[in-house]
Amino acid sequence: MVDITQKQSTHRTAVAQAVVKVSRKETIEAIRKGTVPKGDVLSMSRAAGFLGVKKTADLLPDCHPLPVEYCGIDYEMEGLEIKIIITVKTFYKTGVEVEAMHGASVVALTMYDMLKPLDKGVEIHYIKLLKKTGGKSDIGNQ
């Protein structure tokens, strides 16, 4: 693990995304109507994403455990795509980018698992960091 004992705590924010693409319009309709057999896809995936963010340091060996002071998960549905946008904030010595991307990944995997009985063509795309602030390098700040 990298030594962060000399670093100063600052307000840190990271925004990440993942995109889940389904192959049928009926799959999106089932998500919207809440008729997916495994349950409420958006709520269950959001809860799984919160756990993913909080458990990042338990699963990735070089990640520092840190206090997650905010986590927000939003969805944008357009056509056959569900865009997952996750924002993580803390006041700490190291950033929360990996936590945000890990959370987005867990949300996407949960959706995949819940939707696979309905749609064999579900795909996960574009897991990436959109923005980070705090510390010595900010990215995505336009």
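**Sheet, helices and salt bridges in a predicted model**

An open sheet of four strands is present, in the order β2-β3-β1-β4, with antiparallel pairing. The model is a predicted one. The edge strands are β2, residues 70-78, and β4, each of which pairs on one side only. From one strand to the next, the twist averages 15°. Strands of a sheet pair through backbone hydrogen bonds, in either a parallel or an antiparallel sense.

H11 is found in strand β1. Its relative accessible area is 46%, so H11 is partly exposed. Neighbours within four places in sequence aside, H11 is in contact with K89, T90, F91, T133 and G134. S105 is 94 residues from H11 along the chain, and the C-alpha atoms of the two are separated by 24 Å.

Charged pairs were considered next. Side chains of opposite charge can pair when their charged atoms come close. The count comes to five salt bridges, under a rule that places a side-chain nitrogen of Lys or Arg within 4 Å of a carboxyl oxygen of Asp or Glu.

One of these salt bridges joins the side chains of R24 and E26, at 4.0 Å from N to O. R24 counts as partly exposed because its relative accessibility is 35%. E26 is likewise partly exposed, with a relative accessible area of 41%.

A salt bridge also forms between D113 and K38, whose closest N and O atoms are 3.4 Å apart. This pair links distant parts of the chain. D113 belongs to helix α4, while K38 sits in the loop between α1 (25-33) and α2, and 75 residues separate them. D113 has 33% relative accessibility and therefore counts as partly exposed. K38 is partly exposed at 40% relative accessibility. K38 and D113 are linked with K116 in a network of salt bridges.

E97 and K132 form another salt bridge, with their closest N and O atoms 3.6 Å apart. E97 lies in helix α4 and K132 in strand β4, so the pair ties together parts that are 35 residues apart in sequence. The two partners fall in separate accessibility classes. Buried means under 20% relative accessible area. K132 is buried because its relative accessible area is 11%. E97, at 21% relative accessibility, counts as partly exposed.

Helix α4 and strand β4 also contribute to a surface feature. L109, Y112, I124 and I127 form a nonpolar patch on the surface. Together these residues have about 340 Å² of accessible area. At least two residues of the patch come from α4 (97-115), and at least two from β4 (123-133). L109 is found in helix α4. Exposed means over 50% relative accessible area. L109 counts as exposed because its relative accessibility is 52%.

D113, the salt-bridge partner of K38, lies in α4.

Note on methods: Residues numbered from 1 in each chain as written. Predicted model: local features only at pLDDT ≥ 70, side-chain atom pairs only at ≥ 80, totals over all residues. Heavy atoms only, no water. Patch = residues over 30% accessible without salt bridge, like charges linked within 9 Å, V, L, I, M, F, W, Y side chains within 5 Å. Areas by Shrake-Rupley, 256 points an atom, 1.4 Å probe, with all protein chains shown as cover. Buried < 20%, exposed > 50% of the residue type's maximum accessible area, 1.4 Å probe, protein only. Pairing = 2+ DSSP bridges. Axes fitted to C-alpha atoms, helices over the stretch in contact; angles between N-to-C directions. Contact = heavy atoms within 4.5 Å.
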